[in-house]
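Dear colleague,

Please find below the structure I wished to hand over to you. My findings follow it, arranged by topic.

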Amino acid sequence: MSNYSTDADILEYEPTIKEFGVIDFSAEHTKTTADIQRHLRIEWWPRVSRASTTSRYFNSTNLEMDVTKLDSAQLKRAAVYHCLSFYILPKLTRHEPEGDRFRMMIDFYKARFRDELDMVLEDGVKYDFDGDGTVEDHEQQPAHFNRLVR
(Lines give C-alpha, C1' and ligand atoms only; values in the text may rest on other atoms or scores of the structure.)
Protein backbone atom coordinates (compact mmCIF):
# COMPACT_ATOMS: atom_id res chain seq x y z
CA MET A 1 0.00 0.00 0.00
CA SER A 2 1.46 3.35 -0.98
CA ASN A 3 0.71 6.49 0.98
CA TYR A 4 -1.42 9.27 -0.43
CA SER A 5 1.09 11.97 0.55
CA THR A 6 4.84 12.37 0.98
CA ASP A 7 7.15 14.74 2.82
CA ALA A 8 7.56 16.70 -0.43
CA ASP A 9 3.79 17.21 -0.57
CA ILE A 10 3.79 18.49 3.03
CA LEU A 11 6.59 20.92 2.18
CA GLU A 12 4.49 22.38 -0.66
CA TYR A 13 1.95 23.56 1.92
CA GLU A 14 4.27 24.24 4.86
CA PRO A 15 7.80 24.86 3.53
CA THR A 16 9.31 25.54 6.98
CA ILE A 17 7.78 22.59 8.84
CA LYS A 18 11.07 20.66 9.08
CA GLU A 19 12.79 23.60 10.78
CA PHE A 20 11.06 22.70 14.06
CA GLY A 21 13.05 19.53 14.71
CA VAL A 22 11.00 16.74 13.14
CA ILE A 23 12.80 15.57 10.02
CA ASP A 24 10.87 12.54 8.72
CA PHE A 25 7.10 12.11 8.58
CA SER A 26 6.91 8.59 7.07
CA ALA A 27 4.97 7.10 9.97
CA GLU A 28 2.52 9.99 9.90
CA HIS A 29 1.83 9.46 6.18
CA THR A 30 1.04 5.79 6.81
CA LYS A 31 -1.36 6.66 9.65
CA THR A 32 -3.02 9.31 7.49
CA THR A 33 -3.55 6.88 4.62
CA ALA A 34 -5.20 4.40 6.97
CA ASP A 35 -7.40 7.14 8.45
CA ILE A 36 -8.58 8.34 5.04
CA GLN A 37 -9.38 4.79 4.00
CA ARG A 38 -11.42 4.42 7.21
CA HIS A 39 -13.31 7.63 6.39
CA LEU A 40 -14.12 6.28 2.93
CA ARG A 41 -15.24 2.91 4.32
CA ILE A 42 -17.62 4.74 6.66
CA GLU A 43 -18.87 7.64 4.51
CA TRP A 44 -18.71 6.43 0.90
CA TRP A 45 -18.41 2.65 0.60
CA PRO A 46 -21.73 1.60 2.20
CA ARG A 47 -23.71 3.75 -0.25
CA VAL A 48 -21.79 2.89 -3.37
CA SER A 49 -21.71 -0.84 -2.65
CA ARG A 50 -25.53 -0.85 -2.51
CA ALA A 51 -26.04 1.29 -5.60
CA SER A 52 -27.71 -0.37 -8.56
CA THR A 53 -25.19 1.16 -10.98
CA THR A 54 -22.26 -0.61 -9.31
CA SER A 55 -23.98 -3.77 -8.05
CA ARG A 56 -22.71 -5.80 -11.00
CA TYR A 57 -19.18 -5.51 -9.58
CA PHE A 58 -20.08 -7.13 -6.27
CA ASN A 59 -20.42 -10.73 -5.28
CA SER A 60 -20.17 -12.46 -1.92
CA THR A 61 -16.36 -12.47 -1.99
CA ASN A 62 -15.63 -8.76 -2.57
CA LEU A 63 -17.91 -6.87 -0.21
CA GLU A 64 -14.99 -5.01 1.38
CA MET A 65 -13.42 -1.97 -0.25
CA ASP A 66 -10.18 -2.80 -2.05
CA VAL A 67 -7.89 0.12 -1.21
CA THR A 68 -5.62 -0.66 -4.17
CA LYS A 69 -8.45 0.38 -6.51
CA LEU A 70 -8.60 3.94 -5.13
CA ASP A 71 -6.96 6.78 -7.06
CA SER A 72 -4.28 8.05 -4.70
CA ALA A 73 -3.78 11.29 -6.66
CA GLN A 74 -7.37 12.31 -5.91
CA LEU A 75 -6.73 11.94 -2.17
CA LYS A 76 -3.32 13.64 -1.96
CA ARG A 77 -4.51 17.08 -0.86
CA ALA A 78 -6.82 15.60 1.78
CA ALA A 79 -3.90 13.49 3.01
CA VAL A 80 -1.64 16.53 3.35
CA TYR A 81 -4.27 18.42 5.35
CA HIS A 82 -4.97 15.39 7.54
CA CYS A 83 -1.31 14.63 8.16
CA LEU A 84 -0.61 18.21 9.20
CA SER A 85 -3.64 18.63 11.44
CA PHE A 86 -3.76 15.24 13.15
CA TYR A 87 -0.13 14.09 13.34
CA ILE A 88 2.56 16.67 12.53
CA LEU A 89 1.34 19.92 14.09
CA PRO A 90 0.17 18.32 17.38
CA LYS A 91 3.81 17.28 17.93
CA LEU A 92 4.84 20.93 17.73
CA THR A 93 2.19 22.63 19.86
CA ARG A 94 2.56 23.18 23.62
CA HIS A 95 -1.05 22.07 24.32
CA GLU A 96 -1.66 24.97 26.67
CA PRO A 97 -5.09 26.56 27.27
CA GLU A 98 -4.25 29.87 25.59
CA GLY A 99 -3.13 28.09 22.44
CA ASP A 100 -0.29 28.98 20.12
CA ARG A 101 0.53 29.33 16.44
CA PHE A 102 0.47 25.57 15.89
CA ARG A 103 -2.95 25.23 17.54
CA MET A 104 -4.33 27.76 15.06
CA MET A 105 -2.72 25.85 12.20
CA ILE A 106 -4.23 22.59 13.48
CA ASP A 107 -7.70 24.12 13.43
CA PHE A 108 -7.14 25.54 9.95
CA TYR A 109 -5.87 22.29 8.41
CA LYS A 110 -8.51 20.20 10.19
CA ALA A 111 -11.22 22.32 8.57
CA ARG A 112 -9.46 22.17 5.20
CA PHE A 113 -9.25 18.36 5.47
CA ARG A 114 -12.99 18.06 6.11
CA ASP A 115 -13.75 20.46 3.23
CA GLU A 116 -11.46 18.56 0.86
CA LEU A 117 -12.83 15.14 1.78
CA ASP A 118 -16.38 16.43 1.37
CA MET A 119 -15.50 17.77 -2.08
CA VAL A 120 -13.99 14.41 -3.08
CA LEU A 121 -17.14 12.63 -1.89
CA GLU A 122 -19.42 15.07 -3.72
CA ASP A 123 -17.34 14.96 -6.91
CA GLY A 124 -17.14 11.17 -6.81
CA VAL A 125 -14.46 8.89 -5.48
CA LYS A 126 -12.33 7.49 -8.28
CA TYR A 127 -12.45 3.72 -7.76
CA ASP A 128 -11.49 1.14 -10.37
CA PHE A 129 -14.49 -1.17 -9.91
CA ASP A 130 -13.70 -3.49 -12.80
CA GLY A 131 -9.97 -3.65 -11.98
CA ASP A 132 -8.78 -2.80 -15.50
CA GLY A 133 -6.28 -0.19 -14.29
CA THR A 134 -8.26 2.88 -15.35
CA VAL A 135 -11.12 4.74 -13.71
CA GLU A 136 -13.82 5.45 -16.25
CA ASP A 137 -16.57 8.03 -15.83
CA HIS A 138 -19.21 5.47 -14.87
CA GLU A 139 -16.92 4.17 -12.09
CA GLN A 140 -16.64 7.55 -10.34
CA GLN A 141 -19.63 7.63 -8.01
CA PRO A 142 -20.37 10.53 -5.67
CA ALA A 143 -21.53 9.69 -2.16
CA HIS A 144 -24.98 11.15 -2.87
CA PHE A 145 -26.42 10.61 -6.30
CA ASN A 146 -30.07 11.31 -7.01
CA ARG A 147 -31.12 10.38 -3.49
CA LEU A 148 -32.28 12.32 -0.52
CA VAL A 149 -30.07 11.50 2.45
CA ARG A 150 -31.32 12.58 5.87
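**Helix 2 against helix 5**

In this predicted model, helix 2 meets helix 5 through I36, H39, L40 and E43 on one side and F113, R114, L117 and L121 on the other. By class, five of the residues in this contact are nonpolar, one is polar and two are charged.

**Helix 4 against helix 5**

Helix 5 also packs against helix 4, here at an angle of about 155° and with the axes 8 Å apart. Since angles over 145 degrees count as roughly antiparallel, that description applies to helix 4 and helix 5. The crossing of these two helices is left-handed. From helix 4, the contact draws on R77, A78, Y81, H82, L84, S85, F86, L89, P90 and L92, and from helix 5 on F102, M105, I106, Y109, K110, R112, F113 and E116. Of the residues in this contact, twelve are nonpolar, two polar and four charged.

The loop between helix 4 (76–92) and helix 5 contains H95. This residue is not a glycine, yet it has a positive phi of about 55°. H95 has a relative accessible area of 57% and is therefore exposed.

Within helix 5 itself lies M104. With a relative accessible area of 62%, M104 is likewise classed as exposed. Between M104 and S85 there are 19 residues in sequence and 9.9 Å in space, C-alpha to C-alpha.

**Helix 2 against helix 4**

Helix 2 and helix 4 pack at an angle of about 125°, with 9 Å between their axes. That angle makes helix 2 oblique to helix 4. The crossing of this pair is right-handed. The residues that meet are E28, H29, K31, T32, D35 and I36 in helix 2 and A78, A79, H82, C83, Y87, I88 and K91 in helix 4. They divide into six nonpolar, three polar and four charged.

Q37 is located in helix 2. Its relative accessible area is 6%, so Q37 is buried. The side chain of Q37 is joined to that of Y4 by a polar contact of 3.0 Å.

**The chain as a whole**

Five helices and two strands make up the elements of the protein chain. Their order from the N terminus is α-α-α-α-α-β-β. Of the 150 residues in the chain, 40% are buried. Among the contacts with a separation of 6 or more, 69% are between residues 24 or more positions apart.

With kind regards

Key:
Residues are numbered from 1 along each chain as its sequence is written. This is a predicted model: local features need pLDDT of at least 70, side-chain atom pairs count only at pLDDT 80 or more; totals for chains, interfaces and linings use all residues. Side-chain values use heavy atoms; hydrogens and water are left out. Contact means heavy atoms within 4.5 Å. Helices (H or I, at least four residues) and strands (E, at least two) are DSSP runs, numbered from the N terminus. Ala, Val, Leu, Ile, Met, Phe, Trp, Tyr, Cys and Pro count as nonpolar, Asp, Glu, Lys and Arg as charged, and the others, Gly among them, as polar. Buried means under 20% relative accessible area, exposed over 50%, partly exposed in between (1.4 Å probe, protein chains only). A polar contact is a pair of N or O atoms within 3.5 Å; within protein, one must be able to donate a hydrogen and the other to accept it, and residues adjacent in sequence count only if both atoms are side-chain atoms. Axes are lines fitted to C-alpha atoms, for helices over the stretch in contact, and angles run from 0 to 180 degrees between N-to-C directions. Angles under 35 degrees count as roughly parallel, over 145 as roughly antiparallel, 65 to 115 as roughly perpendicular and the rest as oblique. A crossing is left-handed if the near helix is turned anticlockwise from the far one by less than a right angle, and right-handed if clockwise.
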